[in-house]
Amino acid sequence: KREFGTKCSIRSCCKPSEVIHHTQTFAMSHEHNPNYLAPLCKEHHEIAHSINLKVRGKRLNMTN
């Protein structure tokens with residue numbers, strides 16, 4: 001929040017942040033390192049998770 005204030009951390013977005021998002025998947029890191037947290041608005045948070053799901057799906061298809 002020191003870096004971005006109360007706004008979404010996406011440069012082109014002027015909406016207020018609503019969620020602190022783990023940019024490094026928490027399930028893998030098991031830590032809340034501030035270097036890997038970003039404030040996001042609701043829409044950009046949903047986009048971030050949809051991208052994560054697509055990447056995971058591709059990785060699963062590569063291992064099968």
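1. Cys13 has a relative accessible area of 10% and is therefore buried; the classes used here are buried for under 20% relative accessible area, exposed for over 50%, and partly exposed in between, with a 1.4 Å probe and protein chains only. The model is a predicted one, in which local features need pLDDT of at least 70 and side-chain atom pairs count only at pLDDT 80 or more, while totals for chains, interfaces and linings use all residues. Residues are numbered from 1 along each chain as its sequence is written, and side-chain values use heavy atoms, with hydrogens and water left out.

2. The number of disulfides in the structure is 0, a disulfide being a pair of cysteine sulfur atoms within 2.5 Å. Cys13 takes part in none, and its nearest cysteine sulfur, that of Cys41, lies 3.9 Å away.

3. Cys14 has a relative accessibility of 63% and so counts as exposed, whereas Cys13 is buried.

4. Overall, the protein chain contains 2 helices and 2 strands, which follow the order β-α-β-α from the N terminus on. Helices (H or I, at least four residues) and strands (E, at least two) are DSSP runs, numbered from the N terminus.

5. Ser17 is placed in the segment before β1 (19-22). Its relative accessibility is 18%, so Ser17 counts as buried. Beyond its neighbours within four places in sequence, Ser17 is in contact with Thr6, Lys7, Cys8, Pro39, Leu40 and Cys41, where contact means heavy atoms within 4.5 Å.

6. Phe4 likewise lies in the segment before β1. With 32% relative accessibility, this residue counts as partly exposed. When neighbours within four places in sequence are set aside, Phe4 is in contact with Ser9 and Pro39. The C-alpha atoms of Phe4 and Leu40 are 9.7 Å apart in space, and these two residues are 36 residues apart in sequence.

7. Of the 64 residues in the protein chain, 19% are buried. Among contacts between residues at least 6 apart in sequence, 41% join residues at least 24 apart. The chain exposes about 5400 Å², of which carbon and sulfur atoms supply 56%; accessible areas come from the Shrake-Rupley method with a 1.4 Å probe, and for residues only the protein chains shown count as cover.
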